[in-house]
Amino acid sequence: MNRLIIWYGELLTQKKLIKRGALFLTPGMLWLMIFLVLPGLILILVSFAGRGAYGELVWDFGLANYKRLAGYGIFGWTADYIVILLRSVWVAFVTTGLAVVLSYPLCFFIARKPERSRYMWLMMVIIPFWTNMVIRTYSWFLILAPELPFAKLAACFKIISPGMGLYPSAFAVYLGMISMFLPFVALPLFSSVERMDWTLVEAAQDLYSSNIRIFMHAILPQTLPGLSVGVILTFVPAMGMFVVPDLLGGAKYMLVGNLIQQQFGASRDWAFGAAISMGLMVLTMFSLYLYRRKNKGMDLL
Amino acid sequence: MITDNKGLSLQGINKTYGKVNAVKDVTLDINSGEFFTLLGPSGCGKTTLLRMIAGLELQDSGSVILEGQDITRLPAIKRQINTVFQSYALFPHLNIFENIAFGLRSRKVPEKEVQTRVQEALDMLELGTMPNRYPHQLSGGQNQRVALARALVNEPKVLLLDEPMSALDAKLRAQVQVELRRLQQKLGHTFILVTHDQDEALVVSDRIAVMKDGQIIQFGTPEEVYDLPKNRFIAQFLGAANLLAGRFHDGMFHTDIGPLELEGPPPWERGVIAIRPEWIKLSDTKPEKNGIKAKVSEIIYRGTNLDIWFEPGAIRVRSSTYKNFKIGDELWLDLAAEELVVLNE
């Protein structure tokens, strides 16, 4: 325990080093405990409670909330909540997928620019971040409004009936979600694309590869670290997103985020809200687990 | 234009990057089954030329003709030419077997044939024990052999090697050069090597093209290029050379260290001649012709020989006899007329 060690040029004993490490770690640990672990535990606790007549918590521990989430209500079984949960997974999945598909060409385009203009292009990707999320979502209202060419064009092709806007609709939700999350995929991906070794692409071409093979063997393995960060940064928040679907999706395209917000807000059923949150968390972790397992062969996550 | 050359023909190749003329009007005929080397200092355009042969770069003008067929407009994936890259460019996520099989799999060669051909390639390059390892687990020399196997397994009509030995240490490099030469002679494929290492070029090549500033300035067998360098650049770039400047008049070449007799009159009046350090003989007595009396100024021991520097004129002599030379010794240098190379500039 009192072994001498040299730590970055300083002579210390092991004991001293551990003490010092603990000193530096404590604030961060405390922070996490108070603001993440503790609320998490409370949430779990609350999810087993019930709702009183005035929306207060009633501490009668049971699985009622989870049963309700699974669809067993007073009027028999409904798929409503499960549909919302699955729809959330689906929307997050599609959003992430499309953001990835759009990010690759974008990143290649920017990476091929000379260094000076490269940062200008990156700024263009980052600038939307500076605007409030709600304002950004509202701006889609204007773009998709019935008076504007996009809606008129869509009406022309009989996609929507004349005089209607392009929102609220599933399409508008995806549009909003992708525009929201594109930078989250594009920026980490760019850091990988920028450092890519293009000779591997040339080697693949030299070895008669089709474009798909070039992507799978020369581009994807090299950009996977950035891509993974982007995918997780997008998928996890997209699962719980409620502003965009609330504004652009209307009541018909409710996602789990809206549902939770509703329980903690208008419905004043904190216990059920907590149970849905737990469901969402489990689902997110399960998805990430699947993603990790799928990527294990790549040896990178 | 189509030639009847069975190998590879380059005709009037030009390439510019912005304002830089990387390759200027290069015309070359490379025979089938030949070990050909593009030799030159870095930035001379040799790699650009190689990349244009591979189809990884498109020339501004000129054509590439392989076995009488114009492949100028064919992209890399359609050319039966494979490359060993300088960094080897092995796929890090694939094991050695899959790396070597990559080109065969791209072309959807039947699995059975893939197995046998990859196994052959593994055996040929003595990689038989490590098909399941990954590139990061192998040494530089092994990775280089994998890169070679990965290209050769496709049976290319031309194999391009882009400074494949620059990452190896000197001893291994010397060994690999000999192995590469043997391999090429055994297979009889056309190899085109790009290098800046003149020793490497001399060891492996059937013919050498020396490049400078995007142009080929001399072209010939290693002996031709070494023994009869065309100009000052080649004389100094390939091996070592003593350069003597002077004027030719009255049948003699007059230099700072004395008049020398040449085999014939040079095409200029004022110019430079070269003589390799190992071609100068040392003697205690005055030679019949072209003897220069000089003083030893520096002795460098190099194991297989001595490099002795003489004053005046900073003449370097490479001697394999180990006499007890001392600094200050006076000796006769025998600069025989047949060893003096007239440079044309």
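In the predicted model, Thr284(A) is found in helix α12 of chain A, which spans residues 270-295. The residue counts as buried, because its relative accessibility is 10% and the limit for burial is set at under 20%. When residues up to four places away in sequence are not counted, Thr284(A) touches Val236(A) and Met239(A). Tyr8(A) counts as exposed, because its relative accessibility is 76% and exposure is taken to begin over 50%. The C-alpha atom of Tyr8(A) is separated by 40 Å from that of His217(A), a residue 209 positions apart from Tyr8(A) along the chain.

Chain A and chain B meet in an interface in which 15 residues of chain A are in contact with 25 residues of chain B. Between them the two chains bury about 1,800 Å², of which 61% lies on carbon and sulfur atoms. Within the area that chain A buries against chain B, Asp206(A), Leu207(A) and Tyr208(A) supply 42%, more than any other three residues.

One salt bridge is found between chain A and chain B, and in a salt bridge the side chain of Glu202(A) meets that of Arg51(B), with a distance of 2.6 Å from N to O. On the side of chain A that touches chain B, the elements that give two or more residues are α8 (198-206) and α9 (211-240) of chain A. Of these, α8(A) provides the largest share, with seven residues. Sorted by class, this side of chain A has eight nonpolar, four polar and three charged residues.

Chain B contains eight helices and 20 strands, and its C-alpha atoms, taken along the principal axes, fill a box of roughly 75 × 45 × 35 Å. Of the 345 residues in chain B, 53% are buried. Among the contacts in chain B with a separation of 6 or more, 65% are accounted for by residues 24 or more positions apart.

One of the residues of chain B considered individually is Thr190(B), which lies in strand β8 (residues 190-195). Thr190(B) is buried, because its relative accessible area of 4% falls under the 20% limit. A polar atom of the Thr190(B) side chain lies 2.9 Å from the backbone nitrogen of Gly33(B). Once neighbours within four places in sequence are left aside, Thr190(B) is in contact with Ile30(B), Asn31(B), Ser32(B), Gly33(B) and Glu34(B), and also with Lys157(B), Val158(B) and Leu159(B).

With a disulfide taken as a pair of cysteine sulfur atoms within 2.5 Å, the count over all chains comes to zero.

Conventions: Residues numbered from 1 in each chain as written. Chains lettered and ligands numbered in written order. Predicted model: local features only at pLDDT ≥ 70, side-chain atom pairs only at ≥ 80, totals over all residues. Heavy atoms only, no water. Buried < 20%, exposed > 50% of the residue type's maximum accessible area, 1.4 Å probe, protein only. Contact = heavy atoms within 4.5 Å. Buried area = accessible area lost by both parts, 1.4 Å probe. Salt bridge = Lys/Arg side-chain N within 4 Å of Asp/Glu carboxyl O. Helix = DSSP H or I, 4+ residues; strand = E, 2+ residues; numbered from the N terminus. Nonpolar A, V, L, I, M, F, W, Y, C, P; charged D, E, K, R; others polar. Polar contact = N/O pair within 3.5 Å; in protein donor to acceptor, adjacent residues only side chain to side chain.
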